[in-house]
Amino acid sequence: MFTLPSFWNLIISTLVFFIAARYLQGYLEKRGLAKGMTPSILVFILASGVSWGSGEIVDWTQEKIQGPQLVVQASGDLSQLLTMIGQEPQAVITKLKESGSK
């Protein structure tokens with residue numbers, strides 16, 4: 001199941017992207033590739049791959065240190081949620097209608 005990346009994943013992978021892009025661009029210029037669309041796309045794809053890999057390493061490391069994180073699924077059914085917290089769904093709907101008409 002898809003899970004959101006951790007805070008550290010976002011921070012480190014963003015930093016790694018910019019560092020990798022700068023390094024790759026300098027490397028390609030040193031090799032004599034002219035600036036243009038093709039080298040820019042190549043730099044973007046390679047820097048994205050390095051960034052994604054670093055983010056995966058961060059998440060893997062965090063999971064090894066803290067253990068697996070729980071996956072929370074939100075219920076889309078409001079009446080189930082209201083029943084679970086101990087309120088009758090019909091009473092809440094009636095209160096909402098009354099407060100909206102005032």
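**Entry: Pro39.** Pro39 lies in helix α2; helices here are DSSP runs (H or I, at least four residues), as are strands (E, at least two), numbered from the N terminus. I then listed the contacts of Pro39, leaving aside neighbours within four places in sequence, and found Leu28, Leu33 and Ala34; contact means heavy atoms within 4.5 Å. I also checked Gln25, 14 residues from Pro39 along the chain, and the two C-alpha atoms are separated by 7.9 Å.

**Entry: ground rules.** A reminder to myself: this is a predicted model, so I note that local features need pLDDT of at least 70 and side-chain atom pairs count only at pLDDT 80 or more, while totals for chains, interfaces and linings use all residues. Residues are numbered from 1 along each chain as its sequence is written, and side-chain values use heavy atoms, with hydrogens and water left out.

**Entry: the whole chain.** I counted four helices and zero strands in the protein chain, and reading along the sequence gave me the pattern α-α-α-α. Of its 102 residues, 18% count as buried. The chain exposes about 8,800 Å², and carbon and sulfur atoms supply 66% of that; the areas come from the Shrake-Rupley method with a 1.4 Å probe, and for residues only the protein chains shown count as cover. I also looked at contacts between residues at least 6 apart in sequence, and 67% of these join residues at least 24 apart.

**Entry: helix α1.** I went through α1 next, which has 24 residues and reaches 35 Å from its first C-alpha to its last, close to the 34 Å expected at 1.5 Å a residue. The expected span is 1.5 Å times one less than the number of residues. Which residues of α1 are buried? I found Asn9, Ser13, Ala20, Ala21, Leu24 and Leu28, and what covers the buried residues of α1 includes α2. The C-alpha atoms of Ile19 and Ala47 are separated by 8.3 Å, with the two residues 28 apart along the chain. After α1 comes Gly32, whose phi is positive, near 95 degrees.

**Entry: the nonpolar core.** I asked which residues make up the largest nonpolar core. The six are Ala20, Ala21, Leu24, Leu28, Val43 and Ala47; a nonpolar core is a set of buried Ala, Val, Leu, Ile, Met, Phe, Trp, Tyr and Cys residues joined through side-chain atoms within 4.5 Å. Helices α1 and α2 each supply at least two residues of this core, and α1 gives the most, with four. Not counting residues up to four places away in sequence, Ala20 touches Ala47 and Val50.

**Entry: Ser54.** I found Ser54 in helix α2, and Ser54 counts as buried because its relative accessibility is 14%. Its contacts, leaving aside neighbours within four places in sequence, are Ile12, Ser13 and Val16.

**Entry: aromatic pairs.** My search of the whole structure found three aromatic pairs. Rings of Phe, Tyr and Trp (its six-membered ring) pair if their centres lie within 6.5 Å; planes under 30 degrees apart count as stacked, over 60 as edge-to-face and the rest as tilted. Phe7 and Trp8 form an edge-to-face pair, 5.7 Å centre to centre with 70 degrees between the planes, and both residues are exposed. Phe17 and Phe44 form another edge-to-face pair, at 6.0 Å and 75 degrees. This pair links distant parts of the chain, with Phe17 in α1 (residues 7–30) and Phe44 in α2 (residues 37–66), 27 residues apart. Ring pairs link Phe17, Phe18 and Phe44 into a cluster.

**Entry: charges.** I found one salt bridge in the whole structure, that is, a side-chain nitrogen of Lys or Arg within 4 Å of a carboxyl oxygen of Asp or Glu. Glu29 forms a salt bridge with Lys35, and their closest N and O atoms are 3.7 Å apart. Glu29 counts as partly exposed because its relative accessibility is 39%, whereas Lys35 is exposed, with a relative accessible area of 68%.

How values were computed: Buried < 20%, exposed > 50% of the residue type's maximum accessible area, 1.4 Å probe, protein only.
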